[in-house]
Amino acid sequence: MDEHYKIINLVVCAKDAQATQDRYKTWSHTYEETTFDMLGFSAPFHGAETLVETLGVGKDLSILDIGAGTGRVGHHLRTDFNFNGEIDLLDANMEMLLCASQKEHLKFRTIIKHFILEDGTLPVKDNTYDGLVCIGSFLPNHIPPKTVRGFVKALKTGGIFVFNLRSKDAGQYNIDFESVLQALKTEGNIEISERKEVTQYKNYSVGNCTSILITIKKLK
């Protein structure tokens, strides 16, 4: 089990964003075996569950999964919660998205390759989605904290954004992230609807096994 967790840390602790992407490219073919089959990566399930609890499962809903990887949040939305709306995937890594694209039974609407910059600009129209989700990607050398400002623009007013942060080991990254959230809240752009601790890896009892799942609502 330690061997599989070490693989995750090699990606999380990569020296920069390009090194992270290079490691994902190599890892993509065994990613689900490592994270889900061996370690029991359960954060995507919790993210999907929270989306459905808040939004429902209707055909008129649309979700954008940011940092979607192999499409695991979408997998849970479809197979565990019978979500009937549209799901779009966005990720910087083509190899991970290729794995997602092969899951035709999950009926993803659009798969977007996009490298996210610090301003969080997305290649979608503002006020498009009822929900955004980002699980396992708000980490150093992955997606910068300031991107939340740009992401929220893609939400309809009243829409929600569900994401998680590591409970441990993120250091200054989490501090910076909380500062961005508080600024958005002070400006009246969002409210923080829920914050809860959830299991990150249910088959692994050492290391960072929980994360903080946060739900914010766009107010304007």
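In this predicted model, Arg195 and Glu178 form a salt bridge, with their closest N and O atoms 2.8 Å apart. The two residues come from distant parts of the chain: Arg195 belongs to strand β6 (residues 190–199) and Glu178 to helix α8 (residues 172–186), a separation of 17 residues. Arg195 is partly exposed, at 40% relative accessibility, and Glu178 is likewise classed as partly exposed, at 24%.

**Salt bridges**

Side chains of opposite charge can pair when their charged atoms come close. With a limit of 4 Å between a side-chain nitrogen of Lys or Arg and a carboxyl oxygen of Asp or Glu, the model contains six salt bridges. Among them are the following pairs.

| Pair | N to O distance |
|---|---|
| Arg195 and Glu178 | 2.8 Å |
| Arg109 and Asp88 | 2.8 Å |
| Lys146 and Glu118 | 3.6 Å |

The side chains of Arg109 and Asp88 meet at 2.8 Å, N to O. Arg109 is placed in the loop between α6 (94–101) and β3 (110–113), while Asp88 sits in strand β2 (residues 86–91), so this pair ties together parts that are 21 residues apart in sequence.

In the pair formed by Lys146 and Glu118, the closest N and O atoms are 3.6 Å apart. Both residues lie in loops, Lys146 between β4 (129–134) and α7 (147–153) and Glu118 between β3 and β4, and the pair links parts of the chain 28 residues apart. Glu118 has a relative accessible area of 45% and is therefore partly exposed.

**Helix α4 and Thr50**

Helix α4 comprises residues 43–55. Its 13 residues reach 18 Å from the first C-alpha to the last, close to the 18 Å expected at 1.5 Å a residue. The helix is followed by Gly56, which has a positive phi near 95 degrees.

The buried residues of α4 are Ala43, Pro44, His46, Gly47, Ala48, Thr50, Leu51 and Val52. An α-helix has 3.6 residues a turn, so residues three or four places apart point the same way.

Leaving aside residues up to four places away in sequence, Thr50 touches Val162, Glu194, Lys196, Leu213 and Thr215.

Conventions: Residues numbered from 1 in each chain as written. Predicted model: local features only at pLDDT ≥ 70, side-chain atom pairs only at ≥ 80, totals over all residues. Heavy atoms only, no water. Helix = DSSP H or I, 4+ residues; strand = E, 2+ residues; numbered from the N terminus. Contact = heavy atoms within 4.5 Å. Buried < 20%, exposed > 50% of the residue type's maximum accessible area, 1.4 Å probe, protein only. Expected span 1.5 Å × (residues − 1).
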